[in-house]
Amino acid sequence: MKNDKTEKNKKKTWIQYGIFAIVAITLYATGLHTEVIGFAQRGILATGLMNPNVKEITEVREKDNETGALPEFEKADFSLKLMDRDGNITSLDALKGKVIFMNLWATWCPPCIAEMPSIDKLHKDMGDEVAFVMLSLDKDFELAKAFDKRKGYNMPIYAPASNLPPMYQSSAIPTTYVIDAKGNLALTHKGMADYNDEGFKKFLRSLK
């Protein structure tokens, strides 16, 4: 009797393992594992621990303005060429004079997928005030365009049309760069974040 029960438990366990294996294989085969992992990572974003410390950056900028000191911000490199979803070639130089939010991402990157909804909300709220450059690092740009369409984001996505300048060659993605209206590189943030944050929006508005 006891042996029968043990055998049944073993069979149940193996069946469970089999189901998990099938689900895992299916997710990887369809490419959906990235979105599943990204969805799970959104719980981490909810804590706010991954967000850039814009308060500290803002305080430094305000202090520099009050004292009349010249801020020691690195000038952004505007030579980067970009290809939009229609195949048109433009560059960061065309966005000079605007606040620029540039995000390096890829469809195979779970943290990129995790932060994407917050960037989409930020874009919907501030798309008229800030120039968004969602720079896909996918080898096939069609994957990025299909992802954006499937999710209903309709964000300004681009592919690099030239080599990335050294200052944008990040060792990790996602990486986000914010350039102020004067052409300074105001923020570099490596890793995912929740950008749909009032403090971050205030920071962007301070860069005009």
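A: Buried means under 20% relative accessible area, exposed over 50%, and partly exposed in between (1.4 Å probe, protein chains only). Helices (H or I, at least four residues) and strands (E, at least two) are DSSP runs, numbered from the N terminus. This is a predicted model, in which local features need pLDDT of at least 70 and side-chain atom pairs count only at pLDDT 80 or more, while totals for chains, interfaces and linings use all residues. Residues are numbered from 1 along each chain as its sequence is written, and side-chain values use heavy atoms, with hydrogens and water left out.

Q: Which residues of H4 are buried?
A: In general, an α-helix has 3.6 residues a turn, so residues three or four places apart point the same way. In H4 the buried residues include Ile 113, Met 116, Ile 119, Asp 120 and His 123.

Q: Where does H4 bend?
A: A bend at a residue is the angle between axes fitted to the seven residues ending there and the seven starting there. H4 bends by about 40° at Met 116, and Pro 117 follows within four residues.

Q: Which strands does the chain link through H4?
A: Two strands pair if DSSP finds at least two bridges between them. Strands S3 (residues 99-105) and S4 run parallel and are joined by seven bridges; Trp 105 has Ser 136 of S4 as its bridge partner. Between S3 and S4 the chain passes through H4 (residues 110-126) in a right-handed β-α-β crossover. Right-handed means that, with the strands pointing away from the viewer, the path from the first strand over the helix to the second runs clockwise.

Q: Why is S4 described as largely enclosed?
A: In a regular strand the side chains alternate between the two faces of the sheet. Seven of the seven residues of S4 (residues 130-136) are buried, so the rest of the structure largely encloses this strand. Phe 132 and Met 134 are among the buried residues on one side, and Val 133 is one of those on the other.
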